[in-house]
Amino acid sequence: MSKTRRRAADRRRGLLLPILLLVILALAGVCALLYWSADALNKRQAEAQASLVSSILDAKRAELRSLVVDYAWWDEVIITLGVGLDERWAKEELGDYLLEAFGVNCIWVLGPDNETRVAFIDGEASGGDIFDRLPRSVERLLEAARQGRTIDQVPAAGLISIDGELEMVAASIVSPFDSIAPPPAPGEAPVVVFVMPLREDFFDSPSLGSLIEMPRFSVNPPASGFLGLQITGVDDSALGHIVWADGRPGDDLLWGGAPLLVAALLVLVLLLALTVRRVEAVVLREGRLSVSLDHERQRRQDKSRFVSMVSHELRTPLQAIGSAADMLDRYGDQMTLKERQEETRTIRRGVAALARLVDDVLVVGRVEAPTHSGEGKTVDLAALCSAIWREVSLALKATQELRLVDKIGSPVEGGAEVMLHAVLSNLLQNAAKYSPDGTEIEVELEEEASGYKVSVRDHGVGVPANMREAVFEPYWRAEATSGVEGAGLGLPVARAAARSMGGDITIESDDLDKGSRFVLRWPHD
């Protein structure tokens, strides 16, 4: 059964590895696709938001340019500002009107040399110089405004930073349409300058605030968790960034899809486990059937070989018995007492050999039986060894001495006494046959963590290391033991009995100068 399970486990691993590899690759592909999709969505969202901010900012700049054009090219205002008609309204009320109506907080009308003709700061008339408030970079915008001959040539509004605040600035030549009067030369043309800050109303506008979170202007680059659009001034220098919170919708997609992915993975794993269990059950049944067939085939071969071997062994003592009986029947009255006794001893040796063969056959039958007589009972190993030695020593007329070392000291539970008798009888017979007369046969009883151990040591010729498995083959005998009577069945029968108890017999003689040590081990019940 253990071989069957091992084979099934090997086949299961062979099936699992490619399937698990495919699942891992599929999962990695889905994760990579989901991550790529989330990252692409984040990038597209960032680009769209930057484009939105840029578009709204351009629209605000276009509005300011249109406003400055409206006032710079409106002939009545030009007459007022240039000629001086209605001087009170132009110099006192124009700035307040533009501040309230359009949010223009700074207005300058500059002469050809950028001298201030009219100025309004936060709606109030002022005589301050433009460069007292605006950076020198505005000069480029003023020069471009003076070069404009038509409305289309009026430069676009630019951006400046004043005290960390972002403001728009637009300028246009003060001149009527070509159809009214020709514009003055660039070196003589006055210009009008409007300045409009980008305040909360810009960042909180529905067109911007509804699509991005926490927009604001910062002179520093965007911090972690924020996106930004770089702002350049009228001289193309960097002023700072319009920043906003990075919403990262791709992360929502990622985390929203993760539970579905995990659920799908769990379902896939469950289906895989059910499939593997189904396949494993089929493979296990096939393995059991194959092993059963192998066992049955092996058992038939063993039985056939055993029957042939027993038949051969039976023939020799039977022939000896038959010959001795014929001699006694025909010539018994002519034989001397000594000759008749010799024939009688031949018959008895033949009977003893037949008895041993019958005992071995009975043991083999018990080993192959489904239940074992005596299994599960309490066995006194020391008493059993002593009793078996008495039987062996009487049967073989052994002259050796038994030295029994009992390290257990009490009966053991769960021993199969019949099987133990078969094992110990064969081991002690071997020890008596191959040990010199007068030597000791040592038997040691021990209890280990995993079970029980019985060691039988003799002082005979020993078993070479390369033959320690061969001696357990039926009918196998070493050349060194050819002079000792035996059929080569004792050790095979002993090992079969030991394995029927879940144990085994091994030869552990590496530490011995002479002889062999046979060790029987079997587990606790």
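1. In this predicted model, Val456 has Phe518 of S16 as its bridge partner. Two strands count as paired if DSSP finds at least two bridges between them. Helices (H or I, at least four residues) and strands (E, at least two) are DSSP runs, numbered from the N terminus.

2. S14 and S16 sit in an open sheet of 5 strands with mixed pairing, in the order S11-S13-S14-S16-S15. Strand S11 (401-406) and strand S15 (504-507) form the edges; each has a single partner strand, so one side of each lacks a neighbour in the sheet. Neighbouring strands of the sheet are turned by 15 degrees against each other on average, direction ignored. Axes are lines fitted to C-alpha atoms, for helices over the stretch in contact, and angles run from 0 to 180 degrees between N-to-C directions.

3. Helix H9 (residues 381-396) packs on the sheet, where it touches S11, strand S13 (440-447), S14 and S16. The direction of H9 makes about 175 degrees with that of S11. A contact here means heavy atoms within 4.5 Å.

4. Helix H11 (residues 490-500) lies across S15 and S16 and runs at about 130 degrees to S15. Of the 11 residues of H11, 9 are buried, so the helix is largely enclosed by the rest of the structure. Buried means under 20% relative accessible area, exposed over 50%, and partly exposed in between (1.4 Å probe, protein chains only). The buried residues of H11 include Leu491, Val493 and Arg495. After H11 comes Gly502, with a positive phi near 85 degrees.

5. How is Gln400 placed, buried or exposed? Gln400 is buried, at a relative accessible area of 4%, and lies in the loop between H9 and S11. Its side chain reaches the backbone oxygen of Ala432 at 3.0 Å, and a polar atom of that side chain lies 2.8 Å from the backbone oxygen of Ser435. A polar contact is a pair of N or O atoms within 3.5 Å; within protein, one must be able to donate a hydrogen and the other to accept it, and residues adjacent in sequence count only if both atoms are side-chain atoms. Leaving aside residues up to four places away in sequence, Gln400 touches residues including Trp389, Pro436, Asp437 and Ile441.

6. Two aspartates have positive phi. Asp163, in the loop between strand S4 (158-162) and strand S5 (165-173), has phi near 55 degrees and is exposed at 76% relative accessible area. Asp236, in the loop between strand S8 (226-232) and strand S9 (238-245), has phi of about 65 degrees and counts as exposed at 57%.

7. The chain has 11 helices and 16 strands, and buried residues make up 39% of its 525 residues. Among contacts between residues at least 6 apart in sequence, 67% join residues at least 24 apart.

8. On confidence, the mean pLDDT (the predictor's confidence in each residue, from 0 to 100) is 77, and 76% of residues reach 70 or more. Over residues 75-80 the pLDDT is below 50, with 14 contacts in the model beyond near neighbours in sequence. Residues 370-374 also stay under 50, with 7 contacts beyond four places in sequence.

9. Local features need pLDDT of at least 70 and side-chain atom pairs 80 or more, while totals for chains, interfaces and linings use all residues. Residues are numbered from 1 along each chain as its sequence is written, and side-chain values use heavy atoms, without hydrogens and water.
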